[in-house]
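Grab your viewer and work through these exercises. Each one comes with a solution, taken step by step.

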Amino acid sequence: MIEAELKARVRDPEEVARRLGQYGTSRVERYWDTYYDDGRTLSGRDQELRVRTVENARGKRSVLTFKDAVIDAESGSKPEHESEIAEVEALHAILSGLGYRPFIAFEKRCRNYEFEARGRRMLATLVRVPEIEGDYLEVETLVESSDDLPAALAGIREVLAELGIGEAELTRELYTEAVAATRRTNARPAHSEAGQVPT
């Protein structure tokens, strides 16, 4: 399957949530994402290997996801393979034994809305990553072939427009890169005007 997805920065998350409420009810979830690589081989091929643990009112579950290279540069849509995992600690041990190491892990706080629109099953997610300033909206649907991708993305754009999100708000920013940049900035020592580290 191919994940057709568009992401936007949201200036008024409460208004977007109000409009999303017209599509259906929401569920609040927290994600803990860990991304793996073996010496940047995967990232060098624009691939992703992720272990996600999802917590909601019903409990926790974990999912292993592999995303292949981008097939649509404008949206960043990728082929995706995903499977639920019964024993997440065993999975972490297996990946480590195969030579994969975590290169970044972070939390996402999400409000998910699942609904039918434009003849497709869609998932809209309002996202806040505590380490990144601002709010995001992701809207996605799954398609079976790249031939259907343009129509799926057009449908997503129509939904975004109904939510008050325009083309100017769309972004290809990656959470992994934004979190890494924040951590690098926070790790730098503060210098005085004279260029010395304060004591």
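**Exercise 1.** Which residues are linked with Glu 3 in a network of salt bridges?

Some ground rules: the model is predicted, so local features need pLDDT of at least 70 and side-chain atom pairs 80 or more, while totals for chains, interfaces and linings use all residues. Residues are numbered from 1 along each chain as its sequence is written, and side-chain values use heavy atoms, leaving out hydrogens and water.

*Step 1.* A salt bridge is a side-chain nitrogen of Lys or Arg within 4 Å of a carboxyl oxygen of Asp or Glu.
*Step 2.* Glu 3 pairs with Lys 67, with the closest N and O atoms 3.1 Å apart.
*Step 3.* Glu 3 sits in strand E1 and Lys 67 in strand E4, so this pair ties together parts 64 residues apart in sequence. Strands (E, at least two residues) and helices (H or I, at least four) are DSSP runs, numbered from the N terminus.
*Step 4.* Lys 67 and Glu 80 complete the network with Glu 3.

**Exercise 2.** Work out whether Arg 120 and its salt-bridge partner are buried or exposed.

*Step 1.* The partner is Asp 148, with the closest N and O atoms 2.9 Å apart.
*Step 2.* Buried means under 20% relative accessible area, exposed over 50%, partly exposed in between (1.4 Å probe, protein chains only).
*Step 3.* Arg 120 has 16%, so call it buried; Asp 148 has 28%, so it's partly exposed.

**Exercise 3.** Find the polar contact made by the side chain of Arg 52.

*Step 1.* Look in strand E3, residues 48–56.
*Step 2.* The side chain of Arg 52 meets that of Asp 33 at 2.7 Å. A polar contact is a pair of N or O atoms within 3.5 Å; within protein, one must be able to donate a hydrogen and the other to accept it, and residues adjacent in sequence count only if both atoms are side-chain atoms.
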